[in-house]
Amino acid sequence: MRHLRDILATSLAILMAALPGSAANHREAPITALDHKADITDIFAFRSYDGGTTPRVTMILCVDPLQEPANGPNWSPFDPDLLYEIKVDNNNDAVEDIVFQFRFTTEQHLPNLFQAYAGAGGGITAPANSPAPVPPGTLIVPPQITSFGSPGLGQRQSYKVTMIKGGVATPITGAGPFFAVPSNVGPRTMDYNALFNQGTYTTNMSEVKVFAGTGDDPFWIDLGATFDTFNLRSSVAPGVLTPAQDASLANFASDTVAGYSVNAIAIEVPVSMLTRTGAVEPATSAAATIGVWGATSRARLTARRVPLPTQNSGGWSQIQRMGNPLINELLIGTGFKDRFSMDQPKNDAQFASFFLDPALARVLNAATGGALSIPAPPRLDLLPLVTYAPPIAAPGTPGGPVADLLRLNTGVAPTQPASASRLGLLGGDAAGYPNGRRLFDDVTDISLRAVAGVLNPAFNIFPNNRLGDGVNVNDAPYRTTFPYLANAPSGRDRRHIDPGEPGCTAGAGAPCPL
Ligand SMILES: [Ca+2]
Ligand SMILES: [Ca+2]
Ligand SMILES: [Ca+2]
């Protein structure tokens, strides 16, 4: 504890000096509300649970929130001008030791067609009454897109992956180019599932896999009610679940993100590539816990020279970064979100007041009429989220500076989905958030409860420990192997599950409460 107090004292001292007089993260900061391509929605890091024998970690960075799958004719490509990065700290100083960089290139193969993708069956030819000069029988619509070589894939994106470790940049390559899985336009145009599977690549590095593409947004939340100043639905008002609701893998409110897609970058690597010892450390080892975060950056200078390619120069400037879910979204004050987004995790002591006296706890308590019993600041109970500390890191692990990293104890074996808890560590499942983060971890409920104080046993009491928004599960089934993401909804058939409409599962697809 003395160590934690030292961190806090240092943090607050820096905070006093730094402040002037005064995650899941969808459009959470002013700067990314204006630059949605660079907007990180979520980052995940967890021990792969596909049953393989080599311990591996899967890391997934999602960007470009609330993609409407029907948003043709250009849909939602990756931005070739962005640098997408997944960073790992393995020696507790919140400075990256390993970086995985992703850069995209776009090719246009159908410059004369009005939409980026087109296809149908075996192709459609000009009928007998085709006006000259196009003779009947001429191919007008290409065949359904079933591979990255299909002619109907007019807009094709490939990407390069680079690992930077110890100052050395190493390309991660495959048998051919890595192609990004496009938006799921619809079943006539493409076999999206086939493209998804072809877009999951093994590489020249043993047990390293990569994926990039448009997939289902793996995050779920009653976003509309949450940001209507916690105006939660009657089914869960005032944000306290019944025991039955808490135990259910069903939704009692509509998932605002249902039916939307997101762009995802994923990489799976052996644990031994990530730890500082190069070994699979036991959970009790101080070297077992890593910190993971994602970042997007743009060139400082961009010259747009249409029709020539864009010219970038001047080095990179970070647009956004993310470690824990909902930190920037729910804890950092609006006046500080851009600075938070553009700064480095090692400097997060300047934001310590937001972590250690979160306004959200006070808002929750006020919104429930004082029904919660929240700890008084400074909130040392929240330090495990922003330092290397138990119950995530082993006792004796150097805490490091206050930093928003997603911390993963790589020595904790994965829990099989059938016995996993959506509440992660709070649900007694040692392999779930805030020990890393899996797709199915209900980080909204976990974060609400953590902010209410449940990481401190004295505050792990009702109603603190039953807070929730009523959305407990994703709208689409996740894969059970890398990259674990679900298929993107199709543009033709996507459906957003809205309040008052069928789709909540508190009774066989009953209407979601208004
Ligand atoms: Ca480091
Ligand atoms: Ca979803
Ligand atoms: Ca929830």
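This is a predicted model: local features need pLDDT of at least 70, side-chain atom pairs count only at pLDDT 80 or more; totals for chains, interfaces and linings use all residues.

1. Donors are N, O and S atoms within 2.8 Å of the metal, or 3.2 Å for Na, K and Ca; water is not among the atoms, so sites may look incomplete.

2. Residues are numbered from 1 along each chain as its sequence is written, chains are lettered from A and ligands numbered from 1 in the order in which they are written, and side-chain values use heavy atoms, with hydrogens and water left out.

3. The calcium ion (ligand 2) is coordinated by Asp 216 (OD), Asp 216 (OD), Asp 217 (O), Asn 474 (OD1) and Asp 475 (OD), at 2.3 to 3.2 Å. Its donor residues are spaced D-D-x256-N-D in sequence. Asp 216 and Asp 217 are both buried.

4. For the calcium ion (ligand 3), the coordinating atoms belong to Asp 442 (OD), Asp 442 (OD), Asp 445 (OD), Asp 469 (OD) and Val 471 (O), at 2.3 to 2.6 Å. The spacing of these donors along the chain is D-x2-D-x23-D-x1-V. Both Asp 442 and Asp 445 are buried.

5. As to the overall fold, the chain has eleven helices and 15 strands. (Helices, H or I of at least four residues, and strands, E of at least two, are DSSP runs numbered from the N terminus.) The radius of gyration is 23 Å, close to the 24 Å that the globule rule gives for 514 residues, so the chain is as compact as a globular protein of that length. This radius is taken over C-alpha atoms, and the globule rule is 2.2 Å times the number of residues to the power 0.38. Of the 514 residues, 56% are buried.

6. Strand 7 has several partners; two strands pair if DSSP finds at least two bridges between them. Strand 4 (residues 98-108) and strand 7 run antiparallel and are joined by eleven bridges, and Phe 100 stands opposite Met 163 in strand 7. Five bridges join strand 7 to strand 8 (residues 168-172), again antiparallel. In the hairpin of strand 7 and strand 8, with two residues between the strands, Gly 166 takes a positive phi near 60°. Strand 7 also pairs with strand 9 in the antiparallel sense, over two bridges, and Ser 158 stands opposite Phe 179 in strand 9.

7. The structure holds 17 aromatic pairs. Rings of Phe, Tyr and Trp (its six-membered ring) pair if their centres lie within 6.5 Å; planes under 30 degrees apart count as stacked, over 60 as edge-to-face and the rest as tilted. Why is the pair of Phe 148 and Phe 179 stacked? The ring centres are 5.2 Å apart and the planes stand at 25°, so the pair meets that description. Phe 148 lies in the loop between strand 6 (139-141) and strand 7 (155-165) and Phe 179 in strand 9 (residues 178-179), so the pair ties together parts that are 31 residues apart in sequence. Phe 148 is buried at 6% relative accessibility, and Phe 179 is buried at 11%.

8. Phe 340 and Phe 351 form an edge-to-face pair, 5.1 Å centre to centre with 70° between the planes. Phe 340 is buried at 0% relative accessibility. The charged end of Arg 321 sits over the ring of Phe 340, 3.9 Å from its centre. (A charge sits over a ring if NZ of Lys or CZ of Arg is within 6 Å of the ring centre and within 35 degrees of the ring normal.)

Note on methods. Buried means under 20% relative accessible area, exposed over 50%, partly exposed in between (1.4 Å probe, protein chains only).
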